[in-house]
2 protein chains.
Amino acid sequence: MSSTPLGEFSLIARYFNRAATDGNGVDLAVGDDAALLSLGANEQLVVSTDTMVAGSHFLAEADPRLVGHKALASNLSDIIAMGATPRWVSLALTLPQIDEAWLAGFCDGFFALAKAYKVDLVGGDTTKGPLAITITIHGTIPRGKAWLRSGANVGDTLYIAAPLGESQAGLDFILDNSLVSEQRDALIERHFCTYPRQDLLLPLRDKVSAALDISDGLIADLGHILRASHVGASIDVDRLPLTERLLAHCDHNWQKAVTMALTSGEEYTLCFTSSAALDCAALNIFPIGVITEDTAVVLTAQGEPLDWQLTGFEHFGDSCGS
Amino acid sequence: MSSTPLGEFSLIARYFNRAATDGNGVDLAVGDDAALLSLGANEQLVVSTDTMVAGSHFLAEADPRLVGHKALASNLSDIIAMGATPRWVSLALTLPQIDEAWLAGFCDGFFALAKAYKVDLVGGDTTKGPLAITITIHGTIPRGKAWLRSGANVGDTLYIAAPLGESQAGLDFILDNSLVSEQRDALIERHFCTYPRQDLLLPLRDKVSAALDISDGLIADLGHILRASHVGASIDVDRLPLTERLLAHCDHNWQKAVTMALTSGEEYTLCFTSSAALDCAALNIFPIGVITEDTAVVLTAQGEPLDWQLTGFEHFGDSCGS
């Protein structure tokens, strides 16, 4: 087999991005957090699929309860990032053999989160093979109300819906057993256990101009909004919320903590833009910058541009370490 | 890890079959060919997920064009077996590395069939890991018109929508390179390339009492209809259509060919029951038996019962060879 380095996104664009059949109700296909499909006159169906492979997205020896939580959380986040209400999931589970303790743990994590978000498992497939989990999730939204990546306007405020960085900090411990810290277990749990911001759907319904799910890191994911909206952004890194735990993990090295917040993947929370005056304290959201005309991301601190070099993460391609 | 032999179906029942949330629009969840979900007042959404793992469902060295066809065909068949029109698919592709020749071949097979069935790819995920394909397919159907497994009535005629057995014959060649036959290549192609009977949706709309997709073998799959409908069936093996190619493959051993037709998996065609007078020649369908009160499957030939021992196929459990 020949291997050519291609990013995940160019792979999707080259092979899978085809024109939809006329009249088949495809309002938006490949290219956002989820597809938008027409059924009734007043409602759209929102569909997203994610795969987690053991060894690549989690270690086979990871706590199955945490794996079950993360598998569902990453999918809930895609639907919520479209502004839609998660409704139904299908689960395709590939297992090397039946391990009832693993299955019981996985189901504990999966169904506890499903219950909390009022999402029902409506089908799936169990197969024998290398451990992997594919979830397809379905949400619904009033027609025309979806938060797309393409709606950001110059002057909009840029927000994130949670402090970032702890997912990467947790991953550091997962990947290096020799790391020692009082916060090890809490950060590993934090890596797996995110709670996508379903509570923001109603208050932000008509106030978001563009949104997406932070899965590959803020800088990498923000790039999708900027390209789709033909705009740029300026991020004031002084306004990035940094948790005490993240700062402690980074030995109180501020630049290291900020860099981790800007690039940490699998955060499964919202990045969005809005021109509305939002009550950040009441909504527990964080304004971190502004949308600009200049089609680039500029980082500033104390009003001065920074020249840090940051890169995102792609599953295939030069920047892929695994 | 401990391993306990459990059939795929008991695995699903034990861990994944939970009561749906009230008011969440789940009309039918786990347990048929697909889930039935409510959106509009007049239409239902039909959703099914299937995984194919290299080494278990196909060999990694199989022609990628045939793999792409089979992956989609098996999912189309689930939706058609519900009486629904296939509309949209999501594709989760896990690849050990990017192989452009493999991807191009896979897409050729996948999209040729998608185009023929007017189905659109609306999303998916590409990940790095052991070669596997998970497809989630969506269909739509007028409310209340779905063909369930639970509607068979005593006296209904039992039909199949294609001659069976050649999928298994093709698999024999795939699994044993030393087998030699003029029909080797054609039967291997036949194993991968099934064309689910979408043409039957309209003529059979209100005439089917129960239906399912033949994926694990006629006898094993028919069992699901019989259990769900609390009935039995008598199959007249003299009426099973046997192709010349299958008979030649079985050295014209009639019992061997019939057994292969009754147990061949991955046929991806319909098995259904009906009380209507159907024009079998015009519809290209085959009446092979009758639904009985007795909750068992009886095989007869020339009016006499046969005592053949046949078993179905399950991915996990005692009968699973792979």
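Buried residues, defined as those under 20% relative accessible area with a 1.4 Å probe and protein chains only as cover, make up 58% of the 322 residues in chain A of this predicted model. The C-alpha trace of chain A spans about 55 × 55 × 50 Å along its principal axes.

In chain A there are 10 helices and 13 strands, which are DSSP runs numbered from the N terminus (helices H or I, at least four residues; strands E, at least two). Where contact means heavy atoms within 4.5 Å, 81% of the contacts in chain A between residues at least 6 apart in sequence join residues at least 24 apart.

In chain B, helix α7 (residues 218-229) reaches 16 Å from its first C-alpha to its last, close to the 16 Å expected at 1.5 Å a residue, the expected span being 1.5 Å times one less than the number of residues. Of the 12 residues of α7(B), 9 are buried, among them B:L218, B:D221 and B:H224. Just after α7(B), B:H230 takes a positive phi of about 55°.

Residues are numbered from 1 along each chain as its sequence is written, and chains are lettered from A in the order in which they are written. As the model is predicted, local features need pLDDT of at least 70, whereas totals for chains use all residues.

Conventions
Predicted model: local features only at pLDDT ≥ 70, side-chain atom pairs only at ≥ 80, totals over all residues. Heavy atoms only, no water. Buried < 20%, exposed > 50% of the residue type's maximum accessible area, 1.4 Å probe, protein only.
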